[in-house]
Amino acid sequence: MSPIVADGVRPPVGVRKFKSAAVEAVIKKTTKALKDPELARLFTNCYPNTLDTTVETGVMDGKPDSFVITGDIKALWLRNSSAQVSPYLPLAVNDKALRTLFHGLIQRQARCILIDPYANAYMHDPKAMTDLSWSQTDQTDMKPGVAERKWEIDSLCYPIGLAHGYLVATKDVSPFDDTWRAAMRTVVQTFRDQQRKEGDGPYKFNRTASEPTETLAHGYGWPTRVTGMIHSGFRPSDDACTYPYFIPGNAFAVVSLRQLADISEMTGLGTDFKAGCLALAAEVETAMHAYGKMKDADGNDIWAYEVDGYGNALFMDDANVPSLLSLPYLGFCTKDDPLYVRTRAAVLSARNPYYYAGKVLKGVGSPHSGLNTVWPIALMMQALTSTDDAEIKACLAELKAAAASRGFMNESVGKDDAAIFTRSWFAWANSLFGELILTLLAEKPALLT
């Protein structure tokens, strides 16, 4: 049974998974500043939801261990676990319990990467085989400890961002031991292997499924020309790529490699490793500019969503991050970068087949959840990347409508009927809503007060 209770309020204190005095202080301060009672209620519920419901802490091999599930799927995704806790990073410097939580998650993610860098989700027991019904017969090199083995570039980017954010916030190097350093070397080598300069590389995946987005053509994906970009089997939605050069994922890799270079010397990875990260980031970014663009309706360059290096390109966007919409949020470009501005305009238009304008919601959805649904995460990302106050206020109004009486954020919500939704317990969306409110209070408080 979900720890989220039916009447749309936080779980009682006695059943909360993790408690942080710093987080409670932020809730108290923020709700006092919010004049809109519905925004205050949503913030109170959503901001601590990851800690309230998804965190299990302990000790493994004498070191802190934190296992963070997505919510209603009880496995650790490298992407989700990182995104779920990142809004608490600024508080860690003054909260020992949060530092221990982050230490444990950084360690857990490193161990997961060393089990298999091509997996996207992992079991709590590193010796257990998957208990996810849909991945038990996958035709791939499935290993103990792996819950699902869909190769997604962002799966290896998010742990870097978490480590970088933690070190910047706290200056605490204690999580960065030999295990973590080995994992980071594995990340960089995996990126290099998936440039596929000499053959298809070691990763192969097939699944018997009714949806084509659940498997890879020929096990490796459709053919590509070598460009210097990194191949991805799947998108952050866990849906298969149409063309294996997934542009938002490559952009995220560029940012992550530079973050890893930034902390290489402090964490003992060394100057040679740093130089290698910077060289790989530059190579990928150069290839993106050479092969990763297409034209908008006026004939101007915009970023494609996926390409194959032969000149074929797909334009769309998916609510899951990394996305084209999220490029400034990831740190790849500025909000006013002309190439991004044109791309963003196309994403938020009928050019994008997964952009919906309905009676209740207007925003980006995902083929992962079916047609005619908008993802609250996409509305939050639209607000976080906007320079238009009116647009931000419209996103806030739609987020309130999307949450309706449930009091929490969902994966997707019907564009014409907010009573239609998927995943009542989806902690990533809740955490990101908390981050949005805190960001706006810091940068544009007039929109909330």
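This structure holds 13 aromatic pairs; rings of Phe, Tyr and Trp (its six-membered ring) pair if their centres lie within 6.5 Å. The model is predicted: local features need pLDDT of at least 70, side-chain atom pairs count only at pLDDT 80 or more, and totals for chains, interfaces and linings use all residues. Residues are numbered from 1 along each chain as its sequence is written, and side-chain values use heavy atoms, with hydrogens and water left out.

**First stop: Y203 and F205**

Select Y203 and F205. Their ring centres sit 6.5 Å apart with planes at 15 degrees, so the pair is stacked (planes under 30 degrees apart; over 60 is edge-to-face, the rest tilted). Y203 has a relative accessible area of 1% and is buried. Buried means under 20% relative accessible area, exposed over 50%, partly exposed in between (1.4 Å probe, protein chains only). F205 is buried too, at 0%.

**Next: F234**

F234 is buried, as is F205.

**Widen the view**

**Last stop: charges over rings**

Select R351 and F315. R351 lies over the ring face, 5.1 Å from its centre. A charge sits over a ring if NZ of Lys or CZ of Arg is within 6 Å of the ring centre and within 35 degrees of the ring normal. Then select R406, which lies over the face of F421 at 4.0 Å from the ring centre.
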